[in-house]
Amino acid sequence: MDQTRKVGWYGLGSMGLFMALNLHKKLKSDGSALTYSNRTLSKGEVLSQAGALPKNGMTELGRECDDIFLMVSTDAVLKGLINELLQSDIDLKGKTIIDCSTTHPDTATEVSTLLQAAGAEFVASPVFGANTVAEAGRLLFAMAGSQSAIQRLEPLIVGVMGRKVVNMGENPKDSSLLKVTGNVLLVVFLEAIAETQVLAEKNGLGTSVMEEVIFENFGPVLGGYSRRMTTGSYAPKEGQAGFAVSNTIKDAKHALRIAQDLDVRMPALDIATNNMLSAKAYGGENLDGAALYGTLRSQSGLSFWSNESRQS
C-alpha cells in the first residue's frame, strides 16, 4: 500500500459508516487516518472520536485526498458529487475515485468518462452484503477499472472492508452490471421468504419454526432475510431502517430496465418491486426493503404491521 496517498471517504449511511470505520482502523494501524465527509457531517461523530479527519463537503475532500471512496444512495447523488469535483479548481490528475454504490451501468460509464477526461481514474466497486456484513468487514467487492489502481487498493479492502475482490476487468460498466444483476436474487429471495412466512402464519405453523427451517436449510443469509421480517425490522420501532426500501426499489428498477432493454422477462422481480412500492406508499420512507412482507401480510388479511414492528 502506498502510504503517501491520502485516503478519503464520502457517504455515511447504514453501509458506509461501518465500511469507513473499518477502513480508518486499517489506516490508523499503518500510522495514517481516514479523511471523511458526508451530507450530514454529524453522522461521522464516531469516526471523529476514533481519530478520523472531517471535511466540509466533497470539494474539501477532493482537495485533500488522492484515493476517495464513495458510498451513496442514488445515481443522482453520485453524479452530483462528481460534477462538484469537476467544477472545482482542483487538479484531479492522479486521483482515483472508487464508487462502492449500486448504480446503473450507464452511470458508471458516464462518470468514468468524465473523470478520465479530467485526468483522474475511476474504479466502479459495488459491494454485496448487508450492513451487518459491512460491520464485520466481510463484504464482497466487484471491482472494475484501472488494473493498477485495483491492485494498489486491494490492501485497503481485503481483510479490511471485504473478504474478497471479484475483478471484473477494465470496464467499470461490468462491475455495475454484475451488482445490478446479482441484486435480482436479493429482491426475489425477500419476496419468496415473505410469501413463505405469511403462509406459515396463516396456516398455523408460525413464523418461528419456519425461520428455524430457513436458517438450518438455507443458511444465515436467507435466515437473516427472514429475521428482518419476523423481528419487525422491516418497519423499525426506533431508528432508521437497515436498508431503505427506496434504495431497494431503485436497485430493482435498474435490473428491470436492463432486462426490458434486452427483452428478458422477470415476473418475480416485477411482483416484488410492486410489493415494495405498495409498502412505501402505505408505510412511508422509513421501511426496509423487506417491507414487502407488510404488503403480503395485508393482502392476506393480516395487519401490515406485526407485533414486533412499529404500528403506524
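Two strands pair if DSSP finds at least two bridges between them; strands (E, at least two residues) and helices (H or I, at least four) are DSSP runs, numbered from the N terminus. With that in hand, look at Phe-69, which stands opposite Ile-98 in strand 5. What you have here is a predicted model, so local features need pLDDT of at least 70 and side-chain atom pairs count only at pLDDT 80 or more, while totals for chains, interfaces and linings use all residues. Residues are numbered from 1 along each chain as its sequence is written, and side-chain values use heavy atoms, leaving out hydrogens and water.

**Around strand 5**

- Strand 4 (residues 67-70) runs parallel to strand 5, and four bridges join them.
- On to strand 6 (residues 121-124): strand 5 pairs with strand 6 in the parallel sense, again over four bridges, and Asp-99 has Ala-124 as its bridge partner there.
- Strand 4, helix 4 (residues 75-86) and strand 5 make a right-handed β-α-β unit (right-handed: with the strands pointing away from the viewer, the path from the first strand over the helix to the second runs clockwise).
- Strand 5, helix 5 (residues 105-117) and strand 6 make a right-handed β-α-β unit too.
- Strand 5 (residues 96-99) is covered on both faces, with Thr-96 and Ile-98 buried on one side and Ile-97 and Asp-99 buried on the other (buried is under 20% relative accessible area, exposed over 50%, partly exposed in between, using a 1.4 Å probe and protein chains only).

**Cysteines**

- Searching the whole structure turns up zero disulfides (a disulfide being a pair of cysteine sulfur atoms within 2.5 Å).
- The sulfur of Cys-65 has its closest cysteine sulfur in Cys-100, 14 Å away, which is too far for a bond.
- Cys-65 counts as buried because its relative accessibility is 0%, and Cys-100 is buried at 0% as well.

**Salt bridges**

- The structure holds 12 salt bridges (a side-chain nitrogen of Lys or Arg within 4 Å of a carboxyl oxygen of Asp or Glu).
- Arg-63 forms one with Asp-89, the closest N and O atoms being 2.9 Å apart.
- Arg-63 is in helix 3 (residues 58-64) and Asp-89 in the loop between helix 4 and strand 5, so this pair ties together parts 26 residues apart in sequence.
- Arg-63 is partly exposed at 47% relative accessibility, whereas Asp-89 is exposed at 64%.
- Lys-250 and Asp-251 meet in a salt bridge at 2.8 Å, N to O, and both residues are buried.
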